[in-house]
Every structure is written in C-alpha cells, then in structure tokens.
Amino acid sequence: ARPCTPPRVRRSSASYRACLIARYNFIYAKERLEAECILKRYVCNLETVQRIIYIAVVESFRAAKMAFWKVKINVKDTMGICFRGGPTSLEVAVLDYIACHKDLYDVCCSVHEVVCCMNRNPKLPCPGELDFVVISALIRELCCLAYSMQTLIPPLDIVYGVDGECFNRNMYFRSFDSDFAAPFVAYHVWPPLIEDGTVIVKGEVVTKR
C-alpha cells in the first residue's frame, strides 16, 4: 500500500452499486456471447461451451476476492498506523482507498491464475490444443468487476450452483432450450448476483429430466 493519504469522500454508494450491477448485466448480454463465439471455434458442443464460461465466472470471482483480501490486509495495516478515526471507520476508509486506487490490483496475476486453474480442470473435456487464454478478455473483465464489487458495503457476490439442484425460480431463469417441466438443474449457464443473501440479478440454468 502507498503511504497514508486522507481518503476521498466515499462516492455515492447507490450510483456506484448501480454501475457495477449494470456492468454485470452487460457482460452477460454481450461479452459472454462473444466468448461463446470464440470457444465454438474449438468446441462443437454448446453445453460444454456454456459450462466453460460458467466456470470462468466462478473462478474469476474466486481469484479476485482472494486478491482483494490480500490488498485489504496490506492497506489496513498501513492506514491503521496513521488513522485517527473520525466520522468514518477504518474499515470504510480502507474500502474507499482501495476503490480509488484500482492499480493496487494486479489483475494480470488473477487472469493467469484463472486460466491455469481452468486448464487443469478435469471437468472440462476440451481438445488438448485449447488453451483458455483465448477467453482471457472475458476473464479480465470479470476479475476487475468482482474486485470492485468487494469495495461495496455490503459487497456484491455470486452464488455457486451445483448440478442436479432443484430449480429455484427466485434465483434463476431457464434457458430457451430447457425442459420447462423438469424440476432439476442439468447445468448452469450464468450465476445469480446477490447482496447480503438477497438475489439482485437472476442467473441462468438449463433444466432437463
């Protein structure tokens, strides 16, 4: 962390939160589909492509949250030396500082970590010549977004789904190719976004008998 400097006044949390949620929706609506097109050059099966992207989202959030935790510890230790209290707590001051100094986050390290993790994942039956670095642009956007979401109070996060779970209409939409009478989730396409346990943006799943 850099030497202590007075934290900026905390930005409007409502507008900042809204921007992050909108960014999550945009990635789902546009950049996810662009990644699908890239992967279809290597993988013919749509289900496998969608599973790859879902795992990319989950791993990106996991890597970004771990990186945020490490940055937060360093910043908190540094700011705690010169912090004199006041209207904002040290915790809020630390989150403000991190939000204003995004270059503290080594996103390239997280992207590399996610790509390596996916390349080693035995649940992704892909051709040997496929390196998931081909979707590194999507992974980078997800990592940056997930990292920024941790500066909110409370933070935004995703729900990790399990294949075979009961379909929850409050948490998911069904994909167009789903069996709409099936009660169980065959696989997940996109995770829901939650805030303090409440679903803010529904995810997408495929249901089959």
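Author: Let's start at the hairpin of S4 and S5, where two residues sit between the strands and Asp196 takes a positive phi near 55°. Before going on: this is a predicted model, where local features need pLDDT of at least 70 and side-chain atom pairs count only at pLDDT 80 or more, while totals for chains, interfaces and linings use all residues. Residues are numbered from 1 along each chain as its sequence is written, and side-chain values use heavy atoms, with hydrogens and water left out.

Pairing here takes at least two DSSP bridges between two strands, and the elements are DSSP runs numbered from the N terminus (strands: E, at least two residues; helices: H or I, at least four).

Now the charged pairs. A search of the whole structure finds 14 salt bridges, each being a Lys or Arg side-chain nitrogen within 4 Å of an Asp or Glu carboxyl oxygen. One joins Arg209 to Asp179, at 3.4 Å from N to O. This pair links distant parts of the chain: Arg209 is in the segment after strand S6 (203-207), and Asp179 is in the loop between S2 (172-174) and S3 (185-190), 30 residues away. Arg209 is exposed at 74% relative accessibility, while Asp179 is partly exposed at 27%; the classes are buried under 20%, exposed over 50% and partly exposed in between, using a 1.4 Å probe and protein chains only.

H2 runs over residues 46-82, and at 1.5 Å a residue its 37 residues should span 54 Å, which agrees with the 54 Å between its end C-alpha atoms. (The expected span is 1.5 Å times one less than the number of residues.) At the start of H2, a side-chain oxygen of Asn45 comes within 3.0 Å of the backbone nitrogen of Glu47. Glu47 also forms a salt bridge with Arg51, with 3.0 Å between the closest N and O atoms. Those two are four residues apart in H2, about one turn of the helix. They also belong to a network of salt bridges with Asp163 and Lys208.

Further along, Arg62 meets Glu113 in a salt bridge at 3.2 Å, N to O. Glu113 lies in H4 and Arg62 in H2, so this pair ties together parts 51 residues apart in sequence.

Terms used. Polar contact = N/O pair within 3.5 Å; in protein donor to acceptor, adjacent residues only side chain to side chain.
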